[in-house]
Amino acid sequence: MKLTVFKNEEELDLAAASSVVEVIKANPEATLGLATGQTPVGLYQKLVQAYQNGQVLFKQVTTYNIDEYAGLAKDHPQSFYYFMKTHLFSKVDLTEENIHIPDGVAPDLEAEAECYESLLQKARQLDVQILSIGLNGHIGFNEPGHTLHAETHVLTLTEDTREVNSQAFSSLADVPKKAITMGLGSMMKAKKIVFIAKGDAKAAILKQAFKGPIDPLVPASLLQLHPNIEVYLDEKAAKYLM
Ligand code: PGA
């Protein structure tokens with residue numbers, strides 16, 4: 001694990017984005033695994049800037065998002081597709097056919113999960129996977145539990161996650177109860193993981209994830225086994241790791 005701690009959020013975002021840009025420069029047809037949430041917003045801004053400055057093109061890049069809420073269509077402002085469109089897809093030259101994200105309103109969610117998994121299996125090994133962590137240690141929507149899933153699956157969100165994520169909705173009742181998430185298998189198979197976390201609130205779970213035992217109750221702890229993970233933290237998030 002290559003851990004870098006930053007004083008300044010802007011520098012953190014730039015360093016993490018540069019690591020992704022390097023991958024695309026080396027292989028213009030790179031495959032990227034993408035995460036949503038507040039944490040990677042700055043990284044996406046830096047990717048957009050790199051595109052606008054002519055440092056990188058996304059024309060031949062293929063993306064696979066790690067999760068989506070069940071029941072939210074692409075045009076729902078709280079869907080992860082909408083998030084991605086706002087922060088990245090509409091701002092770079094990615095082509096629509098190269099963008100992949102589970103369909104939260106598929107009539108059969110289990111079949112959608114299987115279909116998404118076969119796309120990932122065809123992609124074989126993502127060149128870079130962007131990840132952050134939930135307050136409860138989840139990665140994507142791989143929630144803490146007694147078992148971890150390797151493959152894309154439909155899951156019931158924990159009440160902790162619904163509550164944290166309710167900030168983006170008008171009320172807790174509006175937060176979907178289910179979601180589809182990539183399993184830990186595809187994430188762990190990626191050639192490189194760019195992991196970012198920011199802020200005090202994540203410090204304790206980061207200590208458990210990176211210094212504690214590998215434990216399905218802390219899904220992110222599995223990342224300790226990845227041979228090429230870059231961890232980008234601010235000082236607050238890193239306070240128990242330095
Ligand atoms: P956040 O979400 O970046 O908004 O903290 C991360 C997550 O829940 O995985």
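**The ligand and its pocket**

Mentor: Eight names come up around the ligand: G37, Q38, T39, S132, I133, G134, H138 and K202. A residue is listed as near when one of its heavy atoms lies within 4 Å of the molecule. This is a predicted model, where local features need pLDDT of at least 70, side-chain atom pairs count only at pLDDT 80 or more, and totals for chains, interfaces and linings use all residues. Residues are numbered from 1 along each chain as its sequence is written, and side-chain values use heavy atoms, with hydrogens and water left out.

Sort that shell by class. Six residues are polar, one is nonpolar and one is charged. Here Ala, Val, Leu, Ile, Met, Phe, Trp, Tyr, Cys and Pro count as nonpolar, Asp, Glu, Lys and Arg as charged, and the others, Gly among them, as polar.

Now look at polar contacts (pairs of N or O atoms within 3.5 Å). T39 places a polar side-chain atom 2.4 Å from an oxygen atom of the ligand. For H138, a polar side-chain atom is 2.7 Å from a ligand oxygen. Q38 uses its backbone: a polar atom there is 2.9 Å from an oxygen of the ligand. On its own the ligand has 280 Å² of accessible area, and the protein covers 76% of this. Such areas come from the Shrake-Rupley method with a 1.4 Å probe.

Step back to the space itself. The ligand sits in the largest pocket; "sits" means that more than half of its atoms lie within 2 Å of the pocket's grid points. A pocket is found on a 1 Å grid over the protein atoms alone, as an open set of points with protein on both sides within 12 Å along at least five of seven lines; its lining residues have an atom within 4 Å of a point. This pocket holds about 860 Å³ of space. It is lined by 32 residues, and T36, G37, Q38, V164 and N165 are the closest to its centre.

Which elements build the lining? β4 (67-69), α3 (80-89) and α5 (159-165) each give two or more residues. α5 has the largest share, with four. These helices (at least four residues) and strands (at least two) are DSSP runs. By class, the lining has 14 polar, 13 nonpolar and five charged residues.

Notes. Polar contact = N/O pair within 3.5 Å; in protein donor to acceptor, adjacent residues only side chain to side chain. 1 Å grid on protein atoms, 1.4 Å probe; cavity = no way out; pocket = protein on both sides within 12 Å on 5 of 7 lines; lining within 4 Å. Points joined across faces, edges and corners; volume = space filled by probe spheres on them.
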